[in-house]
Amino acid sequence: MPVNTFEDYKKGILEYSISVKNDSNHQLNRFLSKITPGKIKSASKIIFETENNKQDIHTLSSYFRVSKDKDFLKYLDTVDADKLIPVKQFLNRKTKEPREEVVEYTAWLLDFKPRPFAKFQKIPKELVSDRLDEKSNLEQTILDKTKPSQKSVQGKSNQDFPWKKITITISFVSVILAIVYFGKGLRQKECMIWSEDHYERVKCDSNDISLRYNQDWVDNFKKIELDPTMTFFNNGEPIYWYSKTNNTIEFFTMGGTHPIENIELKPITQLIVRKYILKE
């Protein structure tokens, strides 16, 4: 059974962005003409004020590398617009391999559905259209495809409605996909390799400097740049780690071992924050 890939997810988001750009009645239409980081920042504030849920909070927290408890409405007022350049690059198709956080942030910004990727992945591939309808997102397109036409409904009893069969099929397929997905992880036949600022999934190869695949590290272990607007401690506990070699300091989102230097990362301290981030 074909499974939707992350490439399918990115393609769907970018195609949907075109429909938004072409829809003069859409609230984001004016922001997608000559996209700039400043416009993305303004659009983000509008979208956050309109609607947000726990998943959306997680998306913003992951993208900006800040606590989920942050007041994002105020944060979006003060955040440097340049932090949204990766979203601009993705929407303008300038990035071949955007980070997952960038893709998910863009999906949130456009209200693309289904999102996040974990939910999109469970939709049977045959129900995912290659082209999206100009004024509907993928979720609506899928719903339309699974609804019976009026002609097919006429003369049938409630027990014969084809959408019931489709619902059962989708549920069954979702279970099978979940089993296959987690089964792969249990077999540990995949590895991961460090790429600039994050780990990527790769096929195990004895010639590669790779590690056994770890979903948590792929999702959460990142090298990042910290700035004075960010939160560094949660209830007194550090939420970032650092390494210092040859007078060069690097910051990471998780503790553990430096992916290249093979040294133990240390939790940040008030001294490190004042000296290297606040530049006091």
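What follows is a conversation about the predicted model above, taking its helices, rings and strands in turn.

Visitor: What sort of model is this, and how are residues numbered?

Guide: It's predicted, so local features need pLDDT of at least 70 and side-chain atom pairs count only at pLDDT 80 or more, while totals for chains, interfaces and linings use all residues. Residues are numbered from 1 along each chain as its sequence is written, and side-chain values use heavy atoms, with hydrogens and water left out.

Visitor: What makes H6 "mostly covered"?

Guide: Of the 11 residues of H6, 10 are buried, where buried means under 20% relative accessible area, exposed over 50% and partly exposed in between (1.4 Å probe, protein chains only). Helix H6 spans residues 100-110; helices here are DSSP runs (H or I, at least four residues), strands are E runs of at least two, and both are numbered from the N terminus. Among the buried residues of H6 are Val103, Tyr105, Thr106 and Trp108.

Visitor: What do those buried residues of H6 pack against?

Guide: They pack against H1, H2 (37-50), H3, H4 (72-78), H5 (85-91) and H7, with contact meaning heavy atoms within 4.5 Å. Just after H6, Asp111 takes a positive phi of about 60 degrees.

Visitor: Why is Thr106 called buried?

Guide: Its relative accessible area is 0%, so Thr106 is buried. Thr106 sits in helix H6 and touches Ile13, Val87, Phe90 and Leu91, leaving aside residues up to four places away in sequence.

Visitor: How do the axes of H1 and H6 cross?

Guide: The axes of H1 (residues 6-22) and H6 come within 10 Å and cross at roughly 35 degrees. Axes are lines fitted to C-alpha atoms, for helices over the stretch in contact, and angles run from 0 to 180 degrees between N-to-C directions. The crossing is left-handed: that's the label if the near helix is turned anticlockwise from the far one by less than a right angle, with right-handed for clockwise.

Visitor: Which residues make that contact?

Guide: From H1 come Phe6, Tyr9, Lys10, Ile13, Tyr16 and Ser17, and from H6 come Glu100, Val103, Glu104, Thr106, Ala107 and Leu110. They divide into seven nonpolar, two polar and three charged, counting Ala, Val, Leu, Ile, Met, Phe, Trp, Tyr, Cys and Pro as nonpolar, Asp, Glu, Lys and Arg as charged, and the others, Gly among them, as polar.

Visitor: How many aromatic pairs are there?

Guide: The count comes to 21 aromatic pairs. Rings of Phe, Tyr and Trp (its six-membered ring) pair if their centres lie within 6.5 Å; planes under 30 degrees apart are stacked, over 60 edge-to-face and the rest tilted.

Visitor: Why is the pair of Tyr9 and Phe112 called edge-to-face?

Guide: Their ring centres are 5.9 Å apart and their planes stand at 70 degrees, so edge-to-face it is. Tyr9 lies in H1 and Phe112 in the loop between H6 and H7 (117-120), so the pair ties together parts 103 residues apart in sequence. Both Tyr9 and Phe112 are buried.

Visitor: And what makes the pair of Phe64 and Tyr105 edge-to-face?

Guide: With centres 5.7 Å apart and planes at 90 degrees, the rings of Phe64 and Tyr105 get that label. Phe64 is in helix H3 (residues 54-64) and Tyr105 in H6, 41 residues apart. Phe64 counts as buried at 5% relative accessibility, and Tyr105 is buried at 0%. Phe64 and Tyr105 also belong to an aromatic cluster with Phe48, Tyr63, Phe72, Tyr75 and Trp108.

Visitor: Over to strand E2: why does His198 count as buried?

Guide: His198 has 16% relative accessibility, so it counts as buried. A polar contact of 3.0 Å joins the side chains of His198 and Glu200; the term covers N or O atoms within 3.5 Å, where within protein one must be able to donate a hydrogen and the other to accept it, and residues adjacent in sequence count only if both atoms are side-chain atoms.

Visitor: What makes Arg201 partly exposed?

Guide: Arg201 stands at 39% relative accessibility, hence partly exposed. Arg201 lies in strand E2, and its side chain makes a polar contact of 3.1 Å with the side chain of Tyr213.

Visitor: How do you know that Thr253 is buried?

Guide: Thr253 comes in at 14% relative accessibility, so buried is the word. A polar atom of its side chain lies 2.9 Å from the backbone nitrogen of Lys222.
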